Amino acid sequence: MLKKIQRHTDLGNQLYRDYVQPANQDVFEVINDRLKHIDPQWYKKEILDFGCNIGHLLTTANGAISPLKYTGIDIHKKSLDIAKDLHPTATWIHYNGYNSTFNPTGN
């Protein structure tokens, strides 16, 4: 069961074709629920979040993940602009690959 929290409500839900990712989904708890069985301290290590969107994982970690150890990569430039505003000390990388929905002018 996904834990519901109120984060980024001003950004609203994000619609990806037929899938809606709620803006209030606690991504950290979802990931932690799975990874804690492999390594209970996974979030203390360097994190590469491929498909990071606006940094939901970092935001919902409530400080458990250090922005200095977090790198987010996404294909959607606007999402990264929002992420940079939310977490300026994290590393954000735009992957300029082609995607018909999020980056139709990409390579």
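I counted five aromatic pairs in this predicted model. The rule: rings of Phe, Tyr and Trp (its six-membered ring) pair if their centres lie within 6.5 Å; planes under 30 degrees apart are stacked, over 60 edge-to-face, and the rest tilted. Phe28, Trp42 and Tyr43 are joined into a cluster by ring pairs.

Ground rules, noted once. Residues are numbered from 1 along each chain as its sequence is written. The model is predicted, so local features need pLDDT of at least 70 and side-chain atom pairs need 80 or more, while totals for chains, interfaces and linings use all residues, and side-chain values use heavy atoms, without hydrogens and water.

**Whole chain**

I looked up the elements next. The chain has three helices and five strands. Both are DSSP runs numbered from the N terminus: helices are H or I with at least four residues, strands are E with at least two. Along the sequence I read β-β-α-β-α-β-α-β. I then checked burial: 41% of the 107 residues count as buried. Buried means under 20% relative accessible area, exposed means over 50%, and partly exposed lies in between (1.4 Å probe, protein chains only).

**Strands E4 and E5**

In which sense do E4 and E5 pair? Strand E4 (residues 70-74) and strand E5 (residues 91-94) are parallel, with four bridges. Pairing takes at least two bridges found by DSSP. From E4 the chain runs through H3 to E5, a right-handed β-α-β crossover. Right-handed means that, with the strands pointing away from the viewer, the path from the first strand over the helix to the second runs clockwise. I also found Asp74 opposite His94 in E5.

**Helix H3**

Which residues of H3 are buried? I noted Ser79, Leu80 and Ala83. Seen down the axis of H3, the buried residues fall within an arc of 95 degrees, so they line one face of the helix. The arc is taken from the directions from the helix axis to the C-beta atoms. These buried residues pack against E4 and E5. Lys78 and Asp85, on the other side of H3, are exposed.

**Ser79**

I ended with Ser79, which sits in H3 (residues 77-86). Why does Ser79 count as buried? Its relative accessible area is 7%. Leaving out residues up to four places away in sequence, Ser79 touches Asn53, Ile54 and Asp74. Contact means heavy atoms within 4.5 Å. The Ser79 side chain also makes a polar contact with the His76 side chain, at 2.9 Å. A polar contact is a pair of N or O atoms within 3.5 Å; within protein, one must be able to donate a hydrogen and the other to accept it, and residues adjacent in sequence count only if both atoms are side-chain atoms.
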